[in-house]
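Dear colleague,

I am passing on the structure we discussed, together with some notes on its salt bridges and on one of its sheet regions. Please look through it alongside the notes that follow.

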Amino acid sequence: MADQKPTAQERTEQATPKRLQEARERGEVVRSRELATVAVLLTAAGGLAILGPNLLADLLDVTRQNLAPSPTVFAAELPLVQYLHTALLDAVWSLIPFLAVISIGAVLGSMALGGWIFSPQLLRVRWSKLDPIKGFKRVFALRGLMELVKALAKFILVTGAAVLLLWQFSDRALTISAVPLRSALGEAAALLMWSFLALCATLAVIAAADIPFQIWSHARQLRMSRQEVKDEFKETEGKPEVKARIRELQRAVARRRMMEAVPQADVVITNPKHYAVALRYAPDKANAPRVIAKGADLLALRIQAVARNAGVPVVRSPVLARAVYFSTKLDQEIPAGLYSAVAQIFAYVYSVRQGRPAQRGAVPPPPDDLPIPEELRRDAD
């Protein structure tokens, strides 16, 4: 049915940016627990390699002081409690740098794929997660199968790495009991560090396979059907009839502003009925006359009427009017090929305006043979 939700087979389109943003707001981003685990182990191994000697020395000092306390400590109960409290704080203070390194690795490992995100929606209780039927389906879904494969792979790789480590370091491990305590602890720390590195190498293989799967699975879950893409486009861009109405209103506003600029024109060149262009020349602001209004048919007649009411000269020149109309956009300077022709029209207008009052009744006709390039000419309507 048409009102049914599209199935996974029908979701063939990639998620749109809006869909991805909405998913991110819900806290649905790409995450890889394997990558986070590897990051923690790597930082722990690096922390042991860098901070291990100092950490070991501090812990040895704390242990020595607690195993061989001063006899005065046992004189009263309160001093003993304070002594143990101080010893505990010293041990914790020694571990803080190492724990800080591990915390940084855990945060960076979690943010490596999906980045930093804080979504209040994740704090809400989702009762659907408690549905046993849906949980049973998730177990046998593709993601559940992948988790099973990863668990088996981790078991095999980690077990194999452990066997290799025991075989490789067995002699060194057996000799630890025969060396002094400080040397034994140093050797144990070295073995532990190499063991961490070996575990990281095995789990890095799992993470390398899990990252592409998580990216693919996340993109697959957010796929959209063609109808969903169309509906989102309508919601984002607006319905066609609404957009048409907005464009109509915008054109009306632009026409009103254009008509308000007609009285500021120096001349209006007409076809005379089909086209009209209003030109204004401001030498201090532009290098050539600029089209401040243009129109065809009824709009051309309105431009002429407004110009006559404002006392703006209206000059009949069909070829030039068509050339300016089709070659120049609104609020744009005329092309260089029309400089000479427009200059003759301006000269004609200025000569008429400067004519003696007795001669103003007999206005000479405008120039007819204007130099207009062939590429700017337009056929008459």
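Aspartate 331 is exposed, at 53% relative accessibility, where exposed means over 50% relative accessible area, buried under 20% and partly exposed in between, with a 1.4 Å probe and protein chains only. Its salt-bridge partner is arginine 290, and the closest N and O atoms of the two are 2.3 Å apart; a salt bridge here is a side-chain nitrogen of Lys or Arg within 4 Å of a carboxyl oxygen of Asp or Glu. The pair links distant parts of the chain, 41 residues apart, with arginine 290 in strand S3 (residues 290-296) and aspartate 331 in the loop between helix H10 (318-327) and helix H11 (339-353). Helices (H or I, at least four residues) and strands (E, at least two) are DSSP runs, numbered from the N terminus. Arginine 290 itself is partly exposed, at 29% relative accessibility.

Please bear in mind that this is a predicted model, in which local features need pLDDT of at least 70 and side-chain atom pairs count only at pLDDT 80 or more, while totals for chains, interfaces and linings use all residues. Residues are numbered from 1 along each chain as its sequence is written, and side-chain values use heavy atoms, with hydrogens and water left out.

The search of the whole structure finds 3 salt bridges. Another of them joins glutamate 228 to arginine 19, with the closest N and O atoms 3.9 Å apart; this pair, too, links distant parts of the chain, glutamate 228 lying in helix H7 (residues 226-237) and arginine 19 in helix H1 (residues 17-25), 209 residues apart. Arginine 19 is buried, with a relative accessible area of 17%. There is also the pair of glutamate 374 and arginine 377, whose closest N and O atoms are 3.7 Å apart; glutamate 374 is exposed at 64%, and arginine 377 is partly exposed at 31%.

Turning to the strands, S1 (residues 267-270) points Val267 and Ile269 one way and Val268 and Thr270 the other, and all are buried. S1 runs antiparallel to strand S2 (residues 275-280), to which 4 bridges join it, two strands being paired if DSSP finds at least two bridges between them. A hairpin through 4 residues connects S1 and S2, and isoleucine 269 stands opposite valine 277 in S2. S1 also pairs with S4, in the parallel sense, over 3 bridges, with threonine 270 opposite arginine 316 in S4.

With kind regards
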